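Dear colleague,

I am passing on the structure below, together with some notes on its charged side chains. Please read the notes with the model open beside you.

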Amino acid sequence: LKHLERKPLAASFIALCPPPRCHLEVMSLEEKFKEAAESVKTMEFKKTVPTARKLILYGLFKQANEGDNTGSRPGMFSFEARQKFDAWEAVKGKDKETCMREYIEELEAQIREFKDDVGTAVLSGDARVPRALT
């Protein structure tokens, strides 16, 4: 007959509530993105990050913050400006959340590949940022 005993309502309710999550798990994607974008400004890599990889971050950052590029392509003598324009154009049409997530993932990949001694910490699901940001 013990299995027929009723549990108090409060005990049943507590059993249904998920355990509290740590601060890192409840950070929004936008907060993680802002932290990653801020950290990249002062980050030092042991190996040189190729320009093409830096441009991936640039394009994703611009698309996440400003949306589709509406400017005209710089002339061929403005080599750096033209590369930046092309990087931004490459992600044209992507939504803000996708760009923020891909920015964080790309930064994490660059850290793994070009910064030997720094690990990463999972903040949630598939979004990761440098351990220094946690």
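Which residues does K115 touch, not counting residues up to four places away in sequence? They are M43, E44, F45, K46 and Q110, where contact means heavy atoms within 4.5 Å.

Before going further, please note that this is a predicted model, in which local features need pLDDT of at least 70 and side-chain atom pairs count only at pLDDT 80 or more, while totals for chains, interfaces and linings use all residues. Residues are numbered from 1 along each chain as its sequence is written, and side-chain values use heavy atoms, with hydrogens and water left out.

To return to K115, this residue sits in the loop between α6 (96-114) and β1 (120-124), the helices (H or I, at least four residues) and strands (E, at least two) being DSSP runs numbered from the N terminus. K115 counts as buried, at 15% relative accessibility; buried means under 20% relative accessible area, exposed over 50%, and partly exposed in between, with a 1.4 Å probe and protein chains only. A polar atom of the K115 side chain lies 3.0 Å from the backbone oxygen of E44.

Turning to salt bridges, a search of the whole structure finds ten, each defined as a side-chain nitrogen of Lys or Arg within 4 Å of a carboxyl oxygen of Asp or Glu. As background, side chains of opposite charge can pair when their charged atoms come close.

One of these salt bridges joins the side chains of E106 and R53, at 2.6 Å from N to O. Because E106 lies in helix α6 and R53 in helix α4 (residues 51-66), the pair ties together parts that are 53 residues apart in sequence. E106 is buried, with a relative accessible area of 13%, and R53 is buried as well, with a value of 17%.

The side chain of R53 also meets that of E113 in a salt bridge, at 3.0 Å from N to O. Here R53 lies in helix α4 and E113 in helix α6, so this pair ties together parts that are 60 residues apart in sequence. E113 is partly exposed, with a relative accessible area of 39%.

A further salt bridge is formed by the side chains of E102 and K94, at 2.6 Å from N to O. E102 is partly exposed at 26% relative accessible area, and K94 counts as partly exposed at 31%. Finally, E30, K34 and K96 are linked in a network of salt bridges.

Terms used. A polar contact is a pair of N or O atoms within 3.5 Å; within protein, one must be able to donate a hydrogen and the other to accept it, and residues adjacent in sequence count only if both atoms are side-chain atoms.
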